[in-house]
Structures are given as C-alpha cells and as structure tokens.
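Welcome! Here are some exercises to work through with the sequence and structure beside you.

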Amino acid sequence: MAERNLNFDKIINRKDTDCLKYDFGNKYGMPEDVLPLWVADMDFETSSYVVDALTERVKHGIFGYSEVQTPYFEIVRDWMKRRHDWDVREEWMIKTPGIVFALATAVKAYTEPGDSVLLQLPVYYPFSEVIVDNGRKAVSNTLYPGDDNRYHIDFEDFEKKIVDEKIKLFFLCSPHNPVGRVWSEDELLRLGDICVKHNVIVVSDEIHEDFVFKGRHLVFSSLKKEYADISITCTSPSKTFNLAGLVISNIFIPNQKLRRKFRKEVNAAGISQLGAMALVGCGAAYSKGDEWYEAMHSYVAENIEFTRTYVTENLRGVRMIEHEGTYLVWLDFRGLGLNADELEHLIVHRARLWLDSGEIFGESGSGFQRINVACPRSLLKQALDRMKEALA
C-alpha cells in the first residue's frame with residue numbers, strides 16, 4: 001500500500017473538532033474571522049499509515065490498559081539511528097504524556113523548592129512555567145541577536161549564571177523554539193563542557209529535531225560520554241507527524257541514578273501506562289512514515305523560503321530572523337516603532353491574525369511575533385497578505 005496523504009496544499013476544515021487552534025478564538029478574545037497560525041501543530045493530515053494503524057486498533061473495540069514491549073523500542077531506536085545517527089538503549093527509555101510533563105518531572109526530580117533553574121530566553125514559555133509553578137526560580141542566559149541575523153549564546157554569562165545562582169539544572173531547547181537556531185557542534189560542546197565542569201544536569205528538549213533546514217541536528221547526549229551521563233533527552237513524534245493530541249514522548253536517560261530519580265517522580269504523579277492510541281500512532285509513524293515525513297519536510301522548507309521572500313519584498317519594517325530549524329518562524333516587528341499594545345492591535349484586529357506574541361517567550365521577545373508556517377501555502381499567503389494590507 002502506498003502513502004496517500006501527500007497533498008499538503010489540501011485545506012482541511014478543522015473547525016468544530018475541539019481544535020485548540022481553530023475552535024477557541026472567542027475564549028481568547030479573538031475576532032470572529034481571525035486566521036490562526038499560533039499553536040505548534042500542523043494543518044496537514046498525518047501519514048496514511050498512521051491513520052490505518054489507528055483505524056485497525058479502533059476496530060478491535062476494546063480499549064483496556066495497554067503497554068508496549070521491545071518491538072516498540074526497536075522502532076523508536078531505528079528512527080533515532082537512521083535520522084540522527086544516535087544509538088539508544090532500551091533501559092534508557094521512559095515514556096511520558098508529553099515533553100512539558102517531562103520538563104516538570106525533571107524540575108521535581110533534580111532540584112529543591114527555591115533552587116534556580118537555567119534557561120535561555122526567549123524560549124518556549126512552558127519552560128518558565130514549569131520552573132516557577134513548582135516553586136523554583138527561573139534564571140535566563142538570554143540569547144542575543146548577532147550581526148548575521150541569528151541568535152547566539154553568551155557563554156561567559158552562561159557560566160557566570162551557573163556559578164552565581166548555584167545552578168543544578170539547565171533546560172536546553174535544541175533546535176530552539178522560537179528563534180529557529182540549530183546549534184552547531186562547537187556551541188553544544190562549549191555548553192556541555194561548562195555543564196560537566198559544574199555538575200549541571202541538562203534537560204535537552206529535542207522535539208523539533210526532525211525539522212532542520214540549515215546545518216544538522218546533533219543530539220546533545222551523543223556528543224560525549226560525559227554529556228550522556230548528565231542528560232535527559234526529550235523526544236516525541238508529536239511535532240514530526242502532527243500527533244500532539246495523542247500525547248506521547250520518549251525520554252532517554254542513560255545515567256541510572258538520574259533515571260531512577262526521574263522514574264520515581266513519574267510514579268509519584270500517578271502515571272503508569274499511556275493511551276493505547278498514542279503507542280500505536282508512534283509505532284506506525286516511526287516505522288512506516290518516512291515517505292510522508294520527507295515530502296512534508298520539503299513542503300515546509302518551501303513555505304519557509306516563501307515567507308522569507310514575501311517578508312523581504314512586501315512587509316516594510318518587518319524582518320524575518322534567519323531560520324535554521326522548526327516550522328515556527330520568528331518575525332521582528334521592532335522596525336515599525338510600535339509599543340506592545342499597538343503591535344498586538346495591528347496583528348489581531350487589523351490583520352486579523354492569531355500569532356504568538358513574542359512577549360510570552362520572555363521580555364527579550366518583545367516586538368517579535370512567532371508564526372507557524374506548517375500549513376497549506378494558500379493559507380500562509382492569505383495570512384501574509386493580511387499582514388501586508390494592515391501595514392499599508
């Protein structure tokens with residue numbers, strides 16, 4: 001049977017499906033005709049092999065407690081090896097209901113209330129939330145934009161923050177959401193060596209690892225044995241195959257002591273098994289989804305270039321930050337000279353777009369907007385046309 005869901009230009013009506021992206025505009029105070037390009041899921045049908053596997057499971061008609069054994073691990077292992085040249089072991093893997101759950105679990109497992117946890121703003125906002133909501137202090141080694149229109153790491157500040165704040169835990173976002181960086185080997189080695197030197201545990205959120213358009217994704221844990229010994233690597237098929245609603249992540253922890261602490265917190269949260277559909281979906285995606293993934297990746301790459309050209313040619317005062325990874329593009333509106341309220345009014349009420357305001361990613365995101373380009377190109381063009389008209 002051949003892959004069927006390869007028409008990424010197809011517009012699928014997601015309204016009235018309890019869709020967070022399309023069905024909750026009123027709740028968030030959005031205009032009735034707002035076009036949503038905010039939350040990080042794709043407007044594409046997933047691989048037909050995934051749909052077929054889920055359909056067959058539904059036909060069985062019994063949805064009791066479910067678990068998977070070695071064949072599931074082998075499917076995940078093979079994906080990681082052929083896509084990222086990363087060798088993983090079965091005993092390293094702990095399945096969790098999503099990566100944000102894993103981040104919160106790591107905070108509770110490896111720090112005490114009042115401790116500081118290091119991150120790099122502007123960053124995916126649940127990073128800050130799971131730190132603060134668990135009674136810890138979020139400390140930022142803030143990324144800075146360079147002359148090359150990319151964001152960079154201040155390594156001196158990184159080490160200083162670790163020493164001054166007595167950091168035990170660091171959240172690495174790789175590839176980085178929302179600034180679109182794919183960290184180089186040199187950057188990861190510099191970070192890793194500092195963390196090893198100061199005994200800092202690294203939680204590496206690599207959920208966007210399959211969306212690299214410039215450079216190459218390097219699994220942090222794979223670069224040195226010393227890094228594997230301090231790493232919690234968070235992976236999931238949810239971004240790659242548009243399965244976020246199935247709620248599944250595969251977390252890899254080589255260090256037995258760290259793994260035991262993490263497992264204890266998972267158990268304390270009352271998590272034993274995940275949903276049957278999540279396990280089926282992940283297995284089908286990683287074992288049979290390559291053709292769909294490669295076609296989707298090419299389409300998204302074209303959307304990124306389409307956005308780059310459109311912004312350059314049509315949106316005066318707006319700049320697209322150089323994009324290397326993820327399907328979430330970071331747009332700089334500071335050239336318009338608007339304050340936060342004025343920019344939000346421009347985007348929401350004049351352009352009638354629902355994007356992610358840069359401020360939710362941290363103070364350093366002020367003046368920026370994050371736009372999701374994983375959608376049919378006609379929808380993307382419609383959104384950019386609205387922006388152009390609003391600026392006019």
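Each exercise below comes with a worked solution.

This is a predicted model, in which local features need pLDDT of at least 70, side-chain atom pairs count only at pLDDT 80 or more, and totals for chains, interfaces and linings use all residues. Residues are numbered from 1 along each chain as its sequence is written, and side-chain values use heavy atoms, with hydrogens and water left out.

**Exercise 1.** Work out which strands stand at the edges of the open sheet of 4 strands.

*Solution.* Start with the strands, which are DSSP runs (E, at least two residues; helices are H or I, at least four), numbered from the N terminus. Two strands pair if DSSP finds at least two bridges between them. The order is E11-E12-E15-E14, with antiparallel pairing. Strands E11 (319-320) and E14 (356-357) each have a single partner strand, so one side of each is left without a neighbour in the sheet. Further in, 5 bridges join E12 (residues 328-332) to E15 (residues 368-372), and Leu 331 stands opposite Gln 369 in E15.

**Exercise 2.** Find the residues that touch the most other members of the largest nonpolar core.

*Solution.* Such a core is a set of buried (under 20% relative accessible area, 1.4 Å probe, protein chains only) Ala, Val, Leu, Ile, Met, Phe, Trp, Tyr and Cys residues joined through side-chain atoms within 4.5 Å. Of its 64 residues, Phe 44, Met 296 and Leu 331 touch the most other members. Elements giving two or more residues include H1, H9, H10 and E12. H10 gives the most, with 8 residues.

Methods:
Buried means under 20% relative accessible area, exposed over 50%, partly exposed in between (1.4 Å probe, protein chains only).
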